[in-house]
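The following exercises treat selected contacts and surface features of a predicted model. Each task is followed by a solution in steps.

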Amino acid sequence: MYDLAVIGGGPGGYVAAICSARKGLKTLLIEKDALGGTCLNRGCVPTKCFVYDTKLLHSARNSSVLKGAGSLSMDIAKMAARKRGVVKTMVSGLGSIMKSHGIEVIQGAGELTGPGRLKVTREDSRIEEIQAKNVILATGSRPALLPFIKVDGRLVQTTDEALDSEEIPKRIVIIGGGVIGVEMATIYLNLGCEVAILELLPEILMTEDEEVRRAMKTLLEKRGTGIHLKAKAKEVKTAGRQVSIVFENAAGEINQLKADRLLVAAGRSPVLEGIRPDRLGIRMNGPFVQVNGRLETSVKGVYAIGDLVGGMMLAHKASAEAEAAVANILGGRKEVDPTRIPRCIWGVAEIGAVGLSEAEARKTGRPIRVGKFPYSYSGAAQAMNGSEGFVKVIGDSDTGEILGVHIMGEHATDMIGESVMAMTMESAVEDLAEAVKPHPTLSENIMEAARDWSGLAIHAPKKR
Ligand code: NAI
């Protein structure tokens, strides 16, 4: 009998297993594929490898100081091999970490058959019955498919295939202007492809602050991306090496785009095969498993975390929930505050954000003040040729409470951590402004935006 069995070895599941074993619980982790889940094998880490390599190419090709840069090209096979190497290193590292904690890892498909009861089908089809006092479900998500689209893996792909493909299209259409759509568009743009995005909603990146999403749209368009908003993909036809996408545009007219690749990035759906909620009476919240603040499902002793429960589908949100679920199994009362979960997007400019957008903050009815600082005013940003972007700090003008921080520009994803820390420590906007920052660095931009909140920015003209 295990104290805890975890189904799914992604950043939710493996973190849960580590936290559990650390507390001395007899822990089992069931994973049918490679440890690390979508994030490490088919998501964040491969994307980040490709964003890094292709950005290098784009920056070099557009450098005003390198000689012969115009003739540079990407060795796609090497780029793919480097990504595989990174993933392999990290997966094997996770294996060693599991071993070091004495966590038993079973390679196979796990299925919850009742409270505290599981069935595992190993790779060689052997079936094993397992009992555990507690279960954490962390089976993650997979690309959501549109009913009229057949993914053939070659002309029509999701990120599962795209991040494993060594064939780079000349012209690509991406359905979905969300996080995946923008990140993948960035990779293809950096490689010199012609990119078009079809987005159903009136704007791209609807989860982000309105100024951030507008700025990202401008940058994408400046790089030649065709962005079709309020555009509904309706039909996809493939012939030979070409794919045509029929869509209804904002005016209700039927249009068509032709490309040699279609990427479907229209959201992700939870993986429910190992759970069979209907049979076990697990309550659902739309397509997701319903949990309370303590991450408990409607079945006693069964917890669920990560993409499976909806909310922000982010690796670090899953990991935070994993830690909380284990604390709760041990009798704690830990909840994860979504307003303290940062969001990071590796687009043509990076986005790092935490907390409320300006519109969300205004909707709370509290008195709001906004501080801003453009990257173009920063010596560090100018020196690194990265003057596009800004930092925006939103705070309660009575109490100074930080309600949201939005960074767009170089190193935004690394820099947002400081604001998360400040919010977690319940610091005020003034604290972000007062802490001395090294010069010349981009970290000064947050300080300057926080100073601007009080009308005290140094490297900006006096406010009228
Ligand atoms: P998403 O929900 O962010 O965006 C999908 C977009 O597709 C939406 O804007 C939607 O309106 C649009 N769409 C849906 N059907 C459409 C149609 N028929 N025609 C045109 N547009 C259509 O989902 P996405 O980008 O696929 O990402 C999935 C999840 O993975 C998200 O929750 C995201 O946060 C997470 N993720 C996070 C990353 C990060 O943090 N850097 C990286 C990649 C994914």
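**Exercise 1.** Determine which parts of the chain are tied together by the salt bridge between Arg241 and Glu167.

*Solution.* Step 1: the two side chains meet at 3.9 Å, N to O, and the cut-off for a salt bridge is 4 Å. Step 2: Arg241 is located in the loop between β11 (232–239) and β12 (242–248), while Glu167 is in the loop between α5 (159–162) and β8 (171–175), so the contact joins parts 74 residues apart in sequence. Step 3: Arg241 has a relative accessible area of 61% and is exposed.

**Exercise 2.** Carry out the corresponding analysis for Glu401 and Arg366.

*Solution.* Step 1: the closest N and O atoms of this salt bridge are 2.6 Å apart. Step 2: Glu401 sits in the loop between β22 (390–396) and β23 (402–408), and Arg366 in the loop between α10 (358–363) and β21 (368–374); the pair thus ties together parts 35 residues apart in sequence. Step 3: Glu401 is partly exposed at 34% relative accessible area, and Arg366 is partly exposed at 31%.

**Exercise 3.** Describe how helices α3 and α4 pack.

*Solution.* Step 1: two packed helices are described by the angle between their axes and the distance between the axes. Step 2: for α3 (residues 44–61) and α4 (residues 76–100), the angle is about 140° and the axes are 9 Å apart. Step 3: roughly antiparallel would require an angle over 145 degrees; α3 and α4 are therefore oblique to each other. Step 4: the crossing of α3 past α4 is right-handed.

**Exercise 4.** State which residues form a nonpolar surface patch with Met206, and locate Met206.

*Solution.* Step 1: Leu200, Leu201 and Met206 make up the patch, with about 270 Å² of accessible area together. Step 2: Met206 lies in the loop between β9 (194–198) and α7 (210–222). Step 3: its relative accessible area is 38%, and Met206 is therefore partly exposed.

Technical notes: Residues numbered from 1 in each chain as written. Predicted model: local features only at pLDDT ≥ 70, side-chain atom pairs only at ≥ 80, totals over all residues. Heavy atoms only, no water. Patch = residues over 30% accessible without salt bridge, like charges linked within 9 Å, V, L, I, M, F, W, Y side chains within 5 Å. Areas by Shrake-Rupley, 256 points an atom, 1.4 Å probe, with all protein chains shown as cover. Helix = DSSP H or I, 4+ residues; strand = E, 2+ residues; numbered from the N terminus. Buried < 20%, exposed > 50% of the residue type's maximum accessible area, 1.4 Å probe, protein only. Axes fitted to C-alpha atoms, helices over the stretch in contact; angles between N-to-C directions. Parallel < 35°, antiparallel > 145°, perpendicular 65-115°, else oblique. Left-handed = near helix turned anticlockwise from the far one by under 90°.
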